[in-house]
Every structure is written in structure tokens, then in C-alpha cells.
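Please keep the sequence and the structure at hand while reading.

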Amino acid sequence: MAMEGSESAHDEPSSEVQQNQSPRKSTSPPGNEEKGIHLSFLLSNAEAGSIIGKGGSTINEIQSQSGARVQLSRNFEYFPGTSDRIIMVSGAVEDILKAVDLILSKLLEEFFVEDGAEGDPESKIRLVVPNSSCGGIIGKGGATIRSLIEDSRADIKISPQDMYFPGLHDRLVTVTGTLPDQMRAIELILLKLVKDQYYQQSTHAPFPYAGSATYCLSFHLNGTYLGISF
């Protein structure tokens, strides 16, 4: 799948400090900074447009501030069964987490609608994770995912394997909560994935659904969505 992104992402990293970022503690494995990995999740077309910005200005700024590389699938290239594009953030763990924090903060700022409720707003993010890596997140008898939920205070749900899409070898891990809780959960999940051999191998081919673009597009030509909602 061809991706959109900036070509001059980290030529001159910005010294500007991002305000109001969610707090999180660093628990990156020693030596991991030298190992490039990735984290993929879904965005609607409107959200993708917000992250790209006019002339790519926003995505360039996110890359400059975080040091991570940010790429998006092209318009109408969707994750199977959804009307959402795939965004991939790659780099060292700390850089990925900073970029995701910037992205989610931007989306909250632009798309969150005040409902009068007290406390921090809650939202959800859908991570794209290989089927074979989900077992490490779930754990024996669900022990690991319960621990992740308890530690982060975010709600974490993993979609079942979808037999309606032959060749689909990823599942969606939905993380719901306030931004600090989401970021803690994402950090814990990413640190699990870093240790997974199959996930590291998938870094070399993170966009396997280019052949699904036309299939998904046919659902949207007449404005009617027939896909299966995760």
C-alpha cells in the first residue's frame, strides 16, 4: 500500500516544546532506541486530513517534534471492513509514543465535542496488531490484558478474527479512555509487541492491504458502506 508522508521530516528537529502533553513514565527496554519499530492505527479521512495539514505542515511538525516517521495510506485505501485509513508511526519507542501523543492531542482538540461532563474527555484509538501477536497482549486466561487495563486504567478490547475477509491477518486493539490513560496503555502494549518476534518481522511489510483498496472503494462509490464494523 502506497503511503503519504513527509520527505523532510527530521532535517531540523523543532525545539518547540509541545504544551499540554499527557504525562507518562518511560519504560523502554535498554538498547531499544537503536531498533526501528512501528505502531499502526486507524484514522477516518477527516482525521487523516487534520493530521496531514495544509501542504503537509501538520505531519511535518509532528515528525519534527517527535523524531518519528509518520505515514498514511492514500485516500480510499482502507483497512479491510472499515472506511478508515491506516497511519503508521515508526522509529524508537520513545519517538513513537511522543508522535502518537501529539496526534491524539491534535484529534482531541479538533474533534472532541464538549458534552458538559466533568473530568478529562475520553476517546478511542484502534491499533492494528498481527493476529499472532495478540496472544501476548491477552495472556494466559486473559491475565495480561487484565493487568494492562489495571495499570493504565484504560479499557482495552481486541476484535475477533474476521473470517469475512480472507487474507486478513491483523486484528484491532481498541483502547478507550482519557489521553493519559490511553498513552499508558499504548506504551504497555508497544513494549509487549517489541518483544514479539513476529511483530518485529512485520515491520518490513506493514501495509499488506494494497490489494484491498479497490474492494473497499467499491463500497463507497455510491455513498453506502457495506463493510463490517469492528
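Helix α2 is mostly covered, with seven of its ten residues buried. In this predicted model, those buried residues of α2 are T58, I59, I62, Q63, S64, Q65 and S66. Directly after α2 comes G67, a residue with a positive phi near 85°.

After α1 comes G53, and the phi of G53 is positive, near 75°.

As for the chain as a whole, it contains eight helices and seven strands, and 49% of its 230 residues count as buried. Among the contacts in the protein chain with a separation of 6 or more, 77% are accounted for by residues 24 or more positions apart.

## Two helix contacts that involve α3

Helix α3 (residues 93-111) takes part in a contact with helix α6 (residues 179-194), and α3 also packs with α2 (residues 57-66). The table sets out the two pairs.

| Helix pair | Axis separation | Angle | Handedness |
|---|---|---|---|
| α3 and α6 | within 11 Å | roughly 150° | right-handed |
| α2 and α3 | 8 Å | about 145° | right-handed |

The axes of α3 and α6 cross at roughly 150°, and because angles over 145 degrees count as roughly antiparallel, α3 is roughly antiparallel to α6. On the α3 side, the residues of this contact are V93, I96, L97, V100, D101, L104, S105 and L108, and they meet L179, Q182, M183, I186, E187, L190, L191 and V194 of α6. Sorted by class, the contact of α3 with α6 comprises twelve nonpolar, two polar and two charged residues.

Which residues bring α2 and α3 together? From α2 they are T58, I62, Q65 and S66, and from α3 they are D95, K98, A99, L102, I103 and K106. By class, the residues of the contact of α2 with α3 are four nonpolar, three polar and three charged.

## The cysteine in α4

C134 lies in helix α4, which covers residues 131-138. Is C134 buried or exposed? Its relative accessibility is 0%, so C134 counts as buried. When neighbours within four places in sequence are left aside, C134 is in contact with V129, I158 and R171. The C-alpha atom of C134 is separated by 9.9 Å from that of I145, a residue eleven positions away along the chain.

## The aromatic pair

A pair of aromatic rings is described by the distance of the centres and the angle of the planes. The structure holds one such aromatic pair, formed by F76 and Y78, with 6.3 Å from centre to centre and 75° between the planes, and the arrangement is edge-to-face. The two partners fall into separate accessibility classes: F76 has a relative accessible area of 39% and is therefore partly exposed, whereas Y78, at 2% relative accessibility, counts as buried. The cut-off that places Y78 among the buried residues is a relative accessible area under 20%.

Methods. Residues numbered from 1 in each chain as written. Predicted model: local features only at pLDDT ≥ 70, side-chain atom pairs only at ≥ 80, totals over all residues. Heavy atoms only, no water. Axes fitted to C-alpha atoms, helices over the stretch in contact; angles between N-to-C directions. Helix = DSSP H or I, 4+ residues; strand = E, 2+ residues; numbered from the N terminus. Parallel < 35°, antiparallel > 145°, perpendicular 65-115°, else oblique. Left-handed = near helix turned anticlockwise from the far one by under 90°. Contact = heavy atoms within 4.5 Å. Nonpolar A, V, L, I, M, F, W, Y, C, P; charged D, E, K, R; others polar. Phe/Tyr/Trp six-rings, centres within 6.5 Å; stacked < 30°, edge-to-face > 60°. Buried < 20%, exposed > 50% of the residue type's maximum accessible area, 1.4 Å probe, protein only.
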